[in-house]
Structures are given as structure tokens and as C-alpha cells.
Amino acid sequence: MPRWGEILSELEETKTPDGAPDFDGVRRKYLSQCHEHTKRNTILFASAWIQKPELGSRVIIAEEDVQALMEAVHGLRGKKLDLIMHSPGGRAEAAEGIVLYLRSKFSDIRVIVPHMAMSAATMISCAADRIVMSKHSFLGPTDPQFELDNRVVAAHNLLDEFDRARKECAKDPMNMLAWKPILDQYKPGLLTRCEVARDLSDQLVAQWLSEYMLRGKSDRETKAKKMSDWLSEH
């Protein structure tokens, strides 16, 4: 595979008269080369969440991504899949839908993380048979994300903030004056949604690790629970 600088040069050479590089053409070229090398189905699951932070909640993993994967999988043959993952994550329920669908189609799934997989993307990675990472790649905590006014907020952070508010206001009721404008922006039921999403995330990761990556290992359920607990800790 070429270096990043070589890819940029190649993109520069593909520019049309209006100055737009052929991103999709170059992308498909290297995905095809990857498929020819591995002889496995290859799907890229990625978003421009680092390059375009202004996109906000539009780049997180959501329920409609299941439909997009169905479109990508249509017509593929064979039971082996390489899923190249680069995502900030998103909703636990969406990750569950994606895993259920992919596992109904493929018996051997390898997740490749060239850079970053966070939150629900980490959850999906834990449902693979293997995870391939480079020295500079990393997985984030399996903390589900929520959309709040086009902002993406982690459930763990919201729960911590509610807990901090409760403790500070119990210590001195006057602190409520400072906390009220912050808490007023949250809709009723949000705290419960965060707790349910966090618990679902932990449960699913432990279940998937035990069923797939730790398949055949001794004491796999205990190990899966320990790994899930560790991944959920920031």
C-alpha cells in the first residue's frame, strides 16, 4: 500500500477541471486491491469525523447505517468479511442492529482499525472474530453516544455530570443556582436513557466477546465480562 503522501499526490492527479479530486475512484481502487490480496469481502465503514467536526451528530453510528450495510453487502459472495472501521461510534442499539445483520451474513469477520474506533465502533469490533490494528491505532471506551442539539455527548459524561451536580447541591443548596442553567438543557428521561444505553453496551460487548472472539476458550464468560468492564472504563 502507498504512503499517505503518495495517495495525496494520486488524488491531485485525478482532479477534474473544476478542481475536485476523484476521492471515490481512488478509494475503490485500493479497496479492490485489498480484496484481491486477502480474497475476502471488504467493506469500508468510515466517516470524516476528524476532518469535519462541524458535521456533529451526522457522523455517528445510527439505525439507518444498518440499511446502508445491507446495500453494501448485497451481491457479495462468501462467508468471510473484512470490515475496515474508522468511526466516532454512536448508539448502542444501532451497533446491535449492525452486528446482528453482519453475523447473519458472515461466519468469519475481521475488523481492521487503521486509526480510531470509538464507542459503538468499539462495540462492533468486539463482535468480530479478530481485530487487526497498527501501532498507532486505538479503540475507545464502549460508551454509547447521544445527540443533543446536533452535539454528540457520551452517556458516561452525562451520568458523571448529573452525579456531580447531585453531590454539590446536596453539600450546598446554593450551588443549584450555578447548576440549574446546565441541567435545564437536558430533557426529562435523559438520565434513564443514559443508564439503559450504558448497561446495554456492557451486556452486548460481554455477550459478543464470549460468543465470537473468545469462542472455545476456557472460562470465556468470566473473561468476556472482565474485558467488557475494562473497555467501558474511561
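On a 1 Å grid over the protein atoms alone, a pocket is an open set of points where a 1.4 Å probe fits, with protein on both sides within 12 Å along at least five of seven lines, and lining residues have an atom within 4 Å of a point. The model I am presenting is predicted, so local features need pLDDT of at least 70 and side-chain atom pairs count only at pLDDT 80 or more, while totals for chains, interfaces and linings use all residues. Residues are numbered from 1 along each chain as its sequence is written, and side-chain values use heavy atoms, with hydrogens and water left out.

Let me begin with the second largest pocket. Its 27 lining residues include Ile 43, Leu 44, Phe 45, Ala 46 and Ala 72, which lie nearest its centre. The space in this pocket comes to about 700 Å³, a volume being the space filled by probe spheres set on the grid points, which are joined across faces, edges and corners. Helix 2, strand 1 and helix 3 (64–73) each contribute at least two lining residues; helices (H or I, at least four residues) and strands (E, at least two) are DSSP runs, numbered from the N terminus. By class, this lining has 13 nonpolar, seven polar and seven charged residues. Here Ala, Val, Leu, Ile, Met, Phe, Trp, Tyr, Cys and Pro count as nonpolar, Asp, Glu, Lys and Arg as charged, and the others, Gly among them, as polar.

I turn now to the largest pocket. Its volume is about 1,400 Å³, and of its 36 lining residues, Trp 4, Ile 7, Arg 27, Leu 44 and Pro 114 are the closest to its centre. Which element gives the most to this lining? Helix 2 does, with nine residues. The lining as a whole holds 22 nonpolar, nine polar and five charged residues.

Two individual residues deserve attention. Asn 41 belongs to strand 1. Is Asn 41 buried or exposed? Asn 41 counts as buried because its relative accessibility is 8%, the limit for buried being under 20% (1.4 Å probe, protein chains only). A polar atom of the Asn 41 side chain lies 2.8 Å from the backbone oxygen of Arg 77, and one lies 3.1 Å from the backbone oxygen of Lys 80.

Trp 49 lies in the loop between strand 1 and helix 3 and, at 17% relative accessibility, is also classed as buried. Its C-alpha atom is 7.2 Å from that of Ser 87, 38 residues away along the chain. Beyond neighbours within four places in sequence, Trp 49 has contacts (heavy atoms within 4.5 Å) with residues including Val 59, His 86 and Met 118.

Conventions: Buried means under 20% relative accessible area, exposed over 50%, partly exposed in between (1.4 Å probe, protein chains only). A polar contact is a pair of N or O atoms within 3.5 Å; within protein, one must be able to donate a hydrogen and the other to accept it, and residues adjacent in sequence count only if both atoms are side-chain atoms.
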